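Please have the viewer open and follow along as we go.

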Amino acid sequence: MSENTRKTAVLLLSISLCCLLNWTAGKAAETTVVTEADCTTDKLGSSIPVSAIGEPVSGVTLNAPAWTGAAGSNPAYCSVEGSMAPVSAEANAKPIHFRVLLPAAWSGRAVQLGGGGMNGMIPNLVGGADMGPGPSLIQDGFATYGSDSGHQMSFGFARGKPQGPGGPPPAGSGDDWALNDEAIRNLGYMQLKKTHDAAVVLMERMYGAKPRFNYFIGSSQGGREALTVAQRYPGDYDGVAASVPIVNFSSLMLAPELIRIQEKPLANWVPPAKVNAIRGEFMRQCDGLDGLVDGIINNYMACRALFDVKQGAPGRDPWKARRCPDNIDPDPADTSADACL
């Protein structure tokens, strides 16, 4: 085990105890209360100096903050959205869009939420921590924040609210960002630090203090991001929760392409016309495995073993009876149970 790996393992192992001790600690601590009168540009500003951001940006602008009143079980909060301009002047360089939710009753704690899929959308900051039933983070007095990771997707899997084909795609959406070096570094790690630093500035402006405890929570892509901040920016977080992290990211991205290469030749596909022949062969070999030939395969585990060529004698061919002569199908449109493959 390398020294870096050992340090990361120790960090993540200690995090569980840290989280158990600190997750509820803020509830009993003194809270900071703000009102709608504090949710203003005069107090929160319209920009953040680039010197406050720990990774390179060319500018940080803030939209006018918006106040959301208490609704249902969620308390009131102030929402601030902003944009960090890239340093790159290339046409395919993209800004980082981020959002920070500042609860009316702040416990002094904050959580940065990771994304999902290839990101491109700001995650849902009002929900829970993906840790099962219970109150939302806002209900527990957490300030929450996250970003689109520095590119904008028109639709697809993400932990935010995707724009599907029925709605207009966000400005600047597309795939050209993937050819921009800064945008790729943002996806990999830089946007995490940039978003964190911008959010802390806003918390200081709103509450007059930095968070006493700051966490990162993420799943899938967000899980990889969680491990990334633990390795690159450990001083910024008191706890990290990484769920199903996609750590083999390059292999994950390459795998679908390798599959498509195999799928491209038409001859590599089993046509729908052969469904009856395939079903018939399964029934012929497997129906009686449970001791009763009744048109139902009950011993499906034994059936699976029969057709798993990795089990049994080397070179075994469970489809031999259905193979076409010389491996050439004389009638690809044959839909009968006697069709060959």
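In this predicted model, the count of cavities of 30 Å³ or more comes to 1. The space in the largest cavity is about 50 Å³. Which elements supply at least two residues each to its lining? They are strand 8 (109-113), strand 9 (142-147) and helix 4 (181-207). Among the lining residues you will find Gln112, Leu113, Asn119, Ser147, Gln191 and Glu225. By class, the lining has 8 polar, 2 nonpolar and 1 charged residues.

Now for the salt bridges, of which the structure holds 10. Asp38 pairs with Lys43, with the closest N and O atoms 3.0 Å apart. Asp38 counts as buried because its relative accessibility is 18%, under the 20% cut-off. Lys43, at 33%, counts as partly exposed.

Another bridge joins Arg99 and Glu81, whose closest N and O atoms are 2.8 Å apart. Arg99 sits in strand 6 (residues 96-103) and Glu81 in strand 5 (residues 77-85), so this pair ties together parts that are 18 residues apart in sequence. Both ends count as partly exposed, Arg99 with a relative accessible area of 23% and Glu81 at 31%.

Turn next to Arg322, which forms a salt bridge with Glu281 at 3.7 Å between the closest N and O atoms. Arg322 lies in the segment after helix 8 (300-307) and Glu281 in helix 7 (residues 275-286), so the pair links parts that are 41 residues apart in sequence. Arg322 is buried, with a relative accessible area of 15%, and Glu281 counts as buried at 1%. Elsewhere, salt bridges that share partners join Lys193, Asp197 and Asp236 into one network.

The backbone deserves a look too. Most residues other than glycine have a negative phi. Ser220, however, has a positive phi near 65°, and its place is in the loop between strand 10 (213-219) and helix 5 (221-232). With a relative accessible area of 22%, Ser220 is partly exposed. Val244 also has a positive phi, of about 35°; this residue lies in the loop between strand 11 (239-243) and helix 6. Val244 is exposed, its relative accessible area being 58%.

Leu254, Leu258 and Ile261 make a nonpolar surface patch of about 300 Å². Leu258 is found in helix 6 (residues 249-263) and counts as partly exposed at 48% relative accessibility.

Key. Residues numbered from 1 in each chain as written. Predicted model: local features only at pLDDT ≥ 70, side-chain atom pairs only at ≥ 80, totals over all residues. Heavy atoms only, no water. 1 Å grid on protein atoms, 1.4 Å probe; cavity = no way out; pocket = protein on both sides within 12 Å on 5 of 7 lines; lining within 4 Å. Points joined across faces, edges and corners; volume = space filled by probe spheres on them. Helix = DSSP H or I, 4+ residues; strand = E, 2+ residues; numbered from the N terminus. Nonpolar A, V, L, I, M, F, W, Y, C, P; charged D, E, K, R; others polar. Patch = residues over 30% accessible without salt bridge, like charges linked within 9 Å, V, L, I, M, F, W, Y side chains within 5 Å. Areas by Shrake-Rupley, 256 points an atom, 1.4 Å probe, with all protein chains shown as cover. Salt bridge = Lys/Arg side-chain N within 4 Å of Asp/Glu carboxyl O. Buried < 20%, exposed > 50% of the residue type's maximum accessible area, 1.4 Å probe, protein only.
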